[in-house]
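Let's take a friendly walk through this structure together. Please have a look at the sequence and the 3D view first.

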Amino acid sequence: MSNLRILYVASEINPFLKTTEVADFVRRLPQAMQERGMEIRILVPRFGLINERKNRLHEVVRLSGINISVGDEEKPLIIKVASIPNAKLQVYFIDNEDYFHRKSVFFDKEDNFYEDNDERAIFFCKGVLETVKKLGWSPDIIHCNDWMTSLIPLYVKTTYKNDPIFKESKTVFTIYDNNFSHKFGADLLEKVKMIDIDDSMLGPLKTADYEGFVKMGVEYADAVNIANQETTESFKKLMNDLADKRIDTIEKDENFEDSYFNLYNELVG
């Protein structure tokens, strides 16, 4: 069964933005799956480093205009779109003036981690799911990449589990060693909560740090893998902590695309 619908969610994608290997992974894999007959959608944040004019981004008015709640606040969601040059792929960008118009990604010019990166991640994850609902496009697979996307498997299995768009969706979570040392505030769990989510479901996130976000993705995704790369000692320790979970490593070799193709088809059954 090759005509699956696959949603790729990540913090970045080439050629619009590249700060880590996530950008190359999310550029290569969707095209490979499209060439195998799969229907693809890609969603990323519209970080301020992305030049809208140069990359020909334009707003999709019919998808914009939803308000996304983060904690006690509601923020307007703007959706933009652009095409990847020399590929038949479109990328949708999640935008919001408060969260994504800074000329940097997760750190300011003094290399300080933004205090509201948790809110930016929450807004992004909720915004992705609401955008897909508005598209009226039901993904068979939602492939989440890196810590910023790690709440999507939770939301799909709770708040959105009875939504016709996501009822049959399976989630894949790919972990990257993009660690940060910041610890978020005590209100993190309250900000993450949605309908059908209580404290007991958010246990892995109580540490309010990078590891907590990764553990949330691992806890709720239907399949988990590690992007094959050189890893730090802290990342190895995290993987040891998760030794009781089924986590695969898909090597970036000549069978790389086939491995994911097979994984997707196995998940859908």
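Helices are DSSP runs of H or I with at least four residues, strands are runs of E with at least two, and both are numbered from the N terminus.

Before going on, note that this is a predicted model, in which local features need pLDDT of at least 70 and side-chain atom pairs count only at pLDDT 80 or more, while totals for chains, interfaces and linings use all residues. Residues are numbered from 1 along each chain as its sequence is written, and side-chain values use heavy atoms, with hydrogens and water left out.

Now turn to the loop between helix H3 (97–100) and helix H4 (117–135), where you will find Glu-115. Is Glu-115 buried or exposed? With a relative accessible area of 61%, Glu-115 is exposed; the cut-offs are under 20% for buried, over 50% for exposed and in between for partly exposed (1.4 Å probe, protein chains only). Beyond its neighbours within four places in sequence, Glu-115 is in contact with His-182 and Phe-184. Along the chain, Glu-115 and His-182 are 67 residues apart, yet their C-alpha atoms are separated by 8.3 Å.

Our last stop is charge. Side chains of opposite charge can pair when their charged atoms come close. The structure holds 24 salt bridges, each a side-chain nitrogen of Lys or Arg within 4 Å of a carboxyl oxygen of Asp or Glu. One of them joins Lys-133 and Asp-163, at 3.3 Å from N to O. Lys-133 lies in helix H4 and Asp-163 in the loop between helix H5 (152–157) and strand E8 (170–175), so this pair ties together parts that are 30 residues apart in sequence. Lys-133 is partly exposed at 34%, whereas Asp-163 is buried at 14%.

Salt bridges that share partners also join Arg-46, Glu-52, Lys-80 and Asp-95 into one network. Within it, the side chains of Arg-46 and Glu-52 meet at 3.1 Å, N to O. Arg-46 is buried, with a relative accessible area of 6%, while Glu-52 is partly exposed at 26%.

Methods. Contact means heavy atoms within 4.5 Å.
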